[in-house]
Every structure is written in structure tokens, then in C-alpha cells.
Amino acid sequence: MSRPIPRLFAIRHGETEWSLNGRHTGRTDIPLTPHGKEIIRSRAIRVTSESKLIDPKNLALVYVSPRQRALETFHLLFDHLKCLPPHTITEDVKEWDYGEYEGVTSSDIHNDRPEWEIFLYRCPGGESPDDITKRVDSIITKVVQEIHRKFYEEGIGARDVLIVGHSHFTRVLIARWLEAPVILGTFVHLLNVAILSYNHKTLKEPCLDGLNLYAI
């Protein structure tokens, strides 16, 4: 029996005060702005409804970061439904830990360290590129082996997975899904929805299927 190719959707949380002014926001738990909430509400039905981009009946699992900006985004995307899709709230999809650079803008960091680039150097007191690579690779393995493979090869479960998380995390996710070094994330301009899937109807050929289809 032919089955549709599985997909991994990744959605960045909506607007916050710190995202507006470019401050690195990792473990700091700040909410969405009223404007950010309204944007998600106005587009949720067009994104997460039957026969739309993300059809809830096709979702095997949603991974949600525990930061309130991601939790709010998740609920605003799905609260129009009678029930929420299967989901788990996990630190595995939290944002990059910026350590001493938490709340600091890139321009301020570069005043002291002009050569610094997050995809190349450790954040002092936080995660290195190798650290977040290991965390992201672990999630990818779970998605591919525990969900996508079971659906595509055995007909068990549902087709799609969704991650509701953060910008740098998702840029690393895209790079590692494509089996590329984390530095590829430098070249990804992420506004919101990314679709990761597979070429030629085989799980051996991961691909980027879509990027920034909706700005939430």
C-alpha cells in the first residue's frame, strides 16, 4: 500500500518584546506581545485545520518547548479545535542556551567580540554548536525512527510531526535534517513555518520542502 511521505513541520513562536529588539532569548521566559497573539489567532484556522497546511488528523505528535512564548503559540494555533493534538512539552526543543549572552543583542556582543558567530563559537556559560547539534540530532532520530519510519514502512500511527519552538533551534534543525554542518543555519532566514520531508519517496533522502510559508 502506497502511503504519503512523512513530514516534520517546525514553527517558531510568535512575536515577543525581545524578538522585536533583537535580544537573544533563550531560557528567559517572556510572553508573546498582544500583537503577536493577534497575528497567530488571525491565521490559525488557515494553517491548522482539516485539509490545510497542518491537518490535525495527520499529526502523530507535537513537540512543544516549555517556554511560555512557545506554549502560547501552540495553544493559539490549536485552540479553535475541539481537542488539542497529541503533544509533549519538553526541554529537548528549547531554544539555544545563550549563557552570558542571554538578553544581549548581536551588535553589543560584537562590540567586545567582533569575530563571534553563534554557529561557530560557544556562548559563554551556555551551549556550544556541538551541544545543540547533539540535542537536535536526538530529536531527529526520534522523529525518523519512532514516528516516520513506523508510519511509512509499517502503517502505524500518523504521518506528520510538529515542533513548536524557537529560531536558532529551528535553524539548526534544518541544517541537521539536511545532514549538513550546523553552520548552514547561518544562511537560513526563518520567519516561521518550515517543512522538512524526504525526496524520491525514501526516508534515506531528507529534504527541505518549504520555508516561511506563513508569517505567524
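**Notebook: helices, cores and a few single residues**

I started with α3, where 8 of the 11 residues are buried, so this helix is largely enclosed by the rest of the structure. I note here that the model is a predicted one.

**Entry 1: around α3**

I listed the buried residues of α3: R69, A70, E72, T73, F74, L76, L77 and F78. Then I looked up what they pack against. The partners are β1, α2, β2, β3 (87–89) and β4.

**Entry 2: α2 against α3**

I took the helix partner next. α2 covers residues 34–47 and α3 covers residues 68–78. Their axes come within 8 Å and cross at roughly 30°. Angles under 35 degrees count as roughly parallel. The two helices are therefore roughly parallel to each other. I checked the hand of the crossing as well, and it is right-handed.

Which residues meet at this contact? From α2 I found K37, I40, R41 and A44. From α3 I found E72, T73, L76 and L77. Sorted by type, the residues of this contact are 4 nonpolar, 1 polar and 3 charged.

**Entry 3: the cores**

I moved on to the largest nonpolar core, which has 37 residues. The ones with the most contacts inside this core are L8, Y63, W96, I163 and L173. I traced where the core comes from. At least two residues each are supplied by β1 (7–12), β2, α5 (129–154), β4 (160–165), α6 (167–177) and β5 (194–198). Which element gives the most? That is α5, with 9 residues.

Leaving out residues up to four places away in sequence, I163 touches L8, F9, A10, I11, Y63, V93, I139, F169 and L173.

Another core, of 19 residues, lies apart from the largest one. I11, I40, I54 and V193 are among its residues.

**Entry 4: α6**

Is α6 mostly covered or mostly open? I found it mostly covered, with 10 of its 11 residues buried. The buried ones are S167, H168, F169, T170, R171, V172, L173, I174, A175 and W177. Their cover includes β1, α5, β4, β5 and β6 (206–211). Just after this helix, E179 takes a positive phi of about 60°.

**Entry 5: R135**

I looked up an arginine in helix α5, R135. Is R135 buried or exposed? R135 has a relative accessible area of 12%, so it is buried. I listed its contacts, not counting residues up to four places away in sequence. They are E91, D92, V93, K94, E95, W96, E127 and F169. W96 also stands among the residues with the most contacts inside the largest core, and F169 is one of the residues that I163 touches.

**Entry 6: two loop residues**

I found L53 in the loop between α2 and β2 (59–64). Its relative accessibility is 18%, so L53 counts as buried; the cut-off for buried is under 20%. L53 and F9 are 44 residues apart in sequence. In space they are 9.6 Å apart, C-alpha to C-alpha.

I then went to K204, in the loop between β5 and β6. Why does K204 count as exposed? Because its relative accessible area is 75%, and exposed means over 50%. K204 and P124 are 80 residues apart in sequence and 36 Å apart in space, again C-alpha to C-alpha.

Methods
Residues numbered from 1 in each chain as written. Predicted model: local features only at pLDDT ≥ 70, side-chain atom pairs only at ≥ 80, totals over all residues. Heavy atoms only, no water. Axes fitted to C-alpha atoms, helices over the stretch in contact; angles between N-to-C directions. Helix = DSSP H or I, 4+ residues; strand = E, 2+ residues; numbered from the N terminus. Parallel < 35°, antiparallel > 145°, perpendicular 65-115°, else oblique. Left-handed = near helix turned anticlockwise from the far one by under 90°. Contact = heavy atoms within 4.5 Å. Nonpolar A, V, L, I, M, F, W, Y, C, P; charged D, E, K, R; others polar. Buried < 20%, exposed > 50% of the residue type's maximum accessible area, 1.4 Å probe, protein only. Core = buried A, V, L, I, M, F, W, Y, C linked by side-chain atoms within 4.5 Å.
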